[in-house]
Amino acid sequence: MITAFQPKYKGAFYDLNIEWLETYFYVEDFDREVLRRPEHYILDPGGHIFFAVEEDRVLGTVALLKRAEGVFELTKMAVLPEERGKKIGQKLMQHCIDFAKVQQFKKLFLYSNTKLANAIFIYRKFGFIEIPVEPDSPYERSNIKMELPLS
């Protein structure tokens, strides 16, 4: 089941994302700050956080960070290591796209890294197309930017 943010899942949001960053990249101070205070950085400015939950156990998470009116960054997607490969990330992605369409968002975009070949494949499968990464990209570890126009 996919559910919206609830305070009881705040620790899982932090833990899942820190584990993912430590596994594939590294954790920056700003990462910890955002993950510790998702209400302040994601929800209060108009964003959304979703969780894949099974029997009250969080299996994965994703966030939609508001960047402009109708424009959201798909970010902070992470799945428990033992649950990877079970299409939980794809279910979270589909939920975000469906939610964005219902909310009449203009587009979703994301930053990633080409070393995450499986993730890039999935983004393309969902219709994301590659666009140039701006020189002042907010993420040092990112070398690819993709967007999904919705309107």
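Predicted model: local features only at pLDDT ≥ 70, side-chain atom pairs only at ≥ 80, totals over all residues.

Biologist: Where are Lys-87 and Gln-104 found?

Modeller: Lys-87 lies in the loop between strand S4 (71-79) and helix H4 (88-102). Gln-104 belongs to the loop between H4 and strand S5 (107-112). Gln-104 counts as exposed, because its relative accessibility of 68% is over the 50% cut-off.

Biologist: How is a pair of aromatic rings described?

Modeller: A pair of aromatic rings is described by the distance of the centres and the angle of the planes. The count in this model comes to 12 aromatic pairs. One of them, Trp-20 with Tyr-24, is tilted, with 5.3 Å from centre to centre and 40° between the planes. Trp-20 and Tyr-24 are four residues apart in helix H1 (residues 10-24), so about one helical turn separates them. Phe-109 and Tyr-111 form an edge-to-face pair, with 5.8 Å between centres and 85° between planes.

Biologist: Are Phe-109 and Tyr-111 buried or exposed?

Modeller: Phe-109 is buried, at 8% relative accessible area, and Tyr-111 is buried at 14%.

Biologist: Which charged end sits over the ring of Phe-109?

Modeller: The charged end of Lys-145 sits over that ring, 4.9 Å from the centre. Likewise, the charged end of Lys-115 sits over the ring of Phe-25, 4.7 Å from its centre.

Conventions: Residues numbered from 1 in each chain as written. Heavy atoms only, no water. Helix = DSSP H or I, 4+ residues; strand = E, 2+ residues; numbered from the N terminus. Buried < 20%, exposed > 50% of the residue type's maximum accessible area, 1.4 Å probe, protein only. Phe/Tyr/Trp six-rings, centres within 6.5 Å; stacked < 30°, edge-to-face > 60°. Lys NZ or Arg CZ within 6 Å of the ring centre and 35° of its normal.
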